[in-house]
Amino acid sequence: MARPITILKALATAYRRDWTAIESLTGNNFFLLTLLLLQQAGVFVYLILGLVLLFPLSTDPLRKIPPSRLALWPLTRREEWVLRAAGPWINPLTWILAVGAIWSAGRTISVGLWAIIGGLFVAAFALSHLPSPGRTPMWRRVPGLPGPLNQLVRKNVREILSTLDYYCAAILSLTVLAWRLFGPPLPHEAYMAMTVLTVGAVSSYAQCLFGLDGEGGLSRYRLLPVRGWQLLLAKDAAYLIALLPLTLPLAPVAAFGGALMVLAVGHAPSVEHPREQTRWRFSMGGALGNGIVQMIAMAMTVSSIFSMSIWFLVPACVAWTGSLWWYGARLERAL
Amino acid sequence: MLGHNGSMISCRNLTRRFGEFTAVDQLNLEVDRGAICAFLGPNGAGKSTTVKMMTGLLAPSSGEVRVGGLDPTSAGLELKRRIGVLPEDLGLFDDLTVEEHLLLTGDIYGVPRAETRSRTSQLLHALSLEHGRRTFAAACSHGMRKKTAFAMALLPNPQVLFLDEPFEAVDPVTAKIMRDLLQSVARHGVTVFLTSHILSMVERIATRIVMIRKGKVVWNSTVNELPQSLEDHYFDLVETPVVEELEWLGPSRF
């Protein structure tokens, strides 16, 4: 039995490290500002955050071991069964769900809620074992674009699609779309509020634009004969391409202005304090102060365009262009 | 537009320090147009640091370097347009496929789209990458990643090629193809500067041998001027292999 225990110990260490990525949520300015500003009303947002986070955390811990390695280890059939049975209990989520289920026994509504969460967990656990249909996962099927930077933009879109922030924004957007199709008419201001929330949900990513490029990617940027502003432009174009479809059921023009402000403020931490990010986690932005400035600038721009005039797009464009030029030059020095 | 004595790569007293540690110490070097220069030395000798200074990725602490007559520090963008590099970490993006990396290179270096597609097909075919052209770099084997980065270095038809350990982790057939390709580009006037630990391959391809140890050049000559086999000369000058008995293997059984 020593072999399965050794393997489980190693897995527990790997999982403990992996779970530190959940700290990303505490550095996500959308989460923090929801906590500070929305408080009670933020429960809906927290439910979405929790739901989005549940899926990547529900994967089978044994998947951390490469199948070829697992097949090579001299394990008996009994030891394999022990590993199979004990593996899921390495995941802290299993314990949380089990304790929650016991605690909620006798409370009808809570039992139902835990059953739903538990069901989602089991579904995600089982799905993590299924091979993806086709050779390329859906989120990587990004069509080609025109222009000399097209492959960089394409790559950057794929990076955004591998963060949880995007799916959080997608759920917000789809909720509004469903409401517009099947529910009673929404008050006019609700579109503005949901636009602020949706753009805000992906605002932290704009603070760490190079976080998913890895050391190899940064090394390639240093070798490519392109200016710093072109690299930032490829990042920004991807951000807008990914975000704007989500804002179509909301207020797309106001969202465009808000997104430009998010990018204008986000260039500074992206270039000067780059932070490595983890895929399938929430983006961890820079300092809280930067996040607050980003959200306030974005909310003001969205509300000005939405409530007053489309001409408020002009200062947003100017701010974004100035930031692109300034931080493009700084990026060349930083690389 | 060339360096001292008309050479494509020229280093004068090139030095790089990291705090108290001197990685490259007063390095002098000239490499002619169309030459294949092998830059040899043990791990940590200063090879990659030298290549990084030559390609503008690292500023020298003192001394000067010219590539195609350009100073990598001040004319970085112009230099990048003229050189092809296979970096130590390969410099690939996890979210691009093998083929997309080559298309990206063509677009960025201003190669016309039709020409890029033609060169991409040729390189994928030559390097046996056709079957994996739509594989994402993150899912590629190390050999495939190495070949992709090698193809990216060749595609813009550069004046100078810098290759950091190009033959490591590739199969013998591909290594032979890479060797033939490099000899072909050198015949067309491209200067090749490579580092490698595979001395048998280096001996076949290089026209100039430079050996470095603890940041200092200990040998610099054409391959014909070597007094003995490259391997023997390397062991004599750079490092002598010491084989230790592993006692825990127990007594010899044969």
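Modeller: Gladly. Helices here are DSSP runs of H or I with at least four residues, and they are numbered from the N terminus. Keep in mind that this is a predicted model.

Colleague: Thanks. In which helix does I205(B) lie?

Modeller: I205(B) belongs to helix α7 of chain B, which covers residues 199–205.

Colleague: Is I205(B) buried or exposed?

Modeller: A residue is called buried if 20 or more other C-beta atoms lie within 10 Å of its own. I205(B) has 22 other C-beta atoms within 10 Å, so I205(B) is buried. Leaving out residues up to four places away in sequence, I205(B) touches I36(B), R179(B), L182(B) and Q183(B).

Colleague: Now the sheet. How do strands pair in general?

Modeller: Strands of a sheet pair through backbone hydrogen bonds, either parallel or antiparallel. In chain B, six strands form an open sheet with mixed pairing, in the order β5-β6-β7-β3-β8-β9. Its edge strands are β5 and β9 of chain B, each pairing on one side only. On average, neighbouring strands of this sheet are turned by 15° against each other, direction ignored.

Colleague: Which way do β3(B) and β8(B) run, parallel or antiparallel?

Modeller: Strand β3 of chain B, residues 36–40, runs parallel to β8(B), and four bridges join them. In this pairing, C37(B) stands opposite R208(B) in β8(B).

Colleague: And how many bridges join β8(B) to β9(B)?

Modeller: Six bridges join them, and these two strands run antiparallel. For example, V210(B) has N220(B) in β9(B) as its bridge partner.

Colleague: Which helices lie across strands of this sheet?

Modeller: One is helix α1 of chain B, residues 47–54, which lies across β3, β6, β7 and β8 of chain B and runs at about 150° to β6(B). Another is helix α6 of chain B, residues 172–187, lying across β3, β6 and β7 of chain B at about 145° to β7(B).

Colleague: What should I look for in phi angles?

Modeller: Most residues other than glycine have a negative phi. K214(B) has a positive phi of about 50° although it is not a glycine. K214(B) sits in the hairpin of β8(B) and β9(B), which has two residues between the strands. With 15 C-beta neighbours inside 10 Å, K214(B) counts as partly exposed.

Colleague: Where does L90(B) lie, and what is its phi?

Modeller: L90(B) is in the loop between β5 (83–86) and α3 (98–108) of chain B. Its phi is near 70°, a positive value in a residue other than glycine. L90(B) counts as buried because it has 20 C-beta neighbours inside 10 Å.

Colleague: Which residues touch the most other members of the largest nonpolar core?

Modeller: Of the 140 residues in that core, V302(A) and F193(B) touch the most other members. Helix α13 of chain A, residues 252–272, gives the most to this core, with eleven residues. Leaving aside neighbours within four places in sequence, the contacts of F193(B) include I9(B), V31(B), C37(B) and F39(B).

Colleague: Last, how many residues does each chain bring to the contact between A and B?

Modeller: Chain A brings 20 residues and chain B brings 21 residues. On the side of chain A that touches chain B, α8 (150–160) and α11 (214–223) each supply at least two residues. The largest share of that side, eight residues, comes from α11(A). By class, the side of chain A that touches chain B has six nonpolar, six polar and eight charged residues.

How values were computed
Residues are numbered from 1 along each chain as its sequence is written. Chains are lettered from A and ligands numbered from 1 in the order in which they are written. This is a predicted model: local features need pLDDT of at least 70, side-chain atom pairs count only at pLDDT 80 or more; totals for chains, interfaces and linings use all residues. A residue is buried if 20 or more other C-beta atoms lie within 10 Å of its own, exposed if 12 or fewer, and partly exposed in between; C-beta atoms are placed from the backbone. Two residues are in contact if their C-beta atoms, placed from the backbone, lie within 7 Å. Ala, Val, Leu, Ile, Met, Phe, Trp, Tyr, Cys and Pro count as nonpolar, Asp, Glu, Lys and Arg as charged, and the others, Gly among them, as polar. A nonpolar core is a set of buried Ala, Val, Leu, Ile, Met, Phe, Trp, Tyr and Cys residues joined through C-beta atoms within 7 Å. Two strands pair if DSSP finds at least two bridges between them. Axes are lines fitted to C-alpha atoms, for helices over the stretch in contact, and angles run from 0 to 180 degrees between N-to-C directions.
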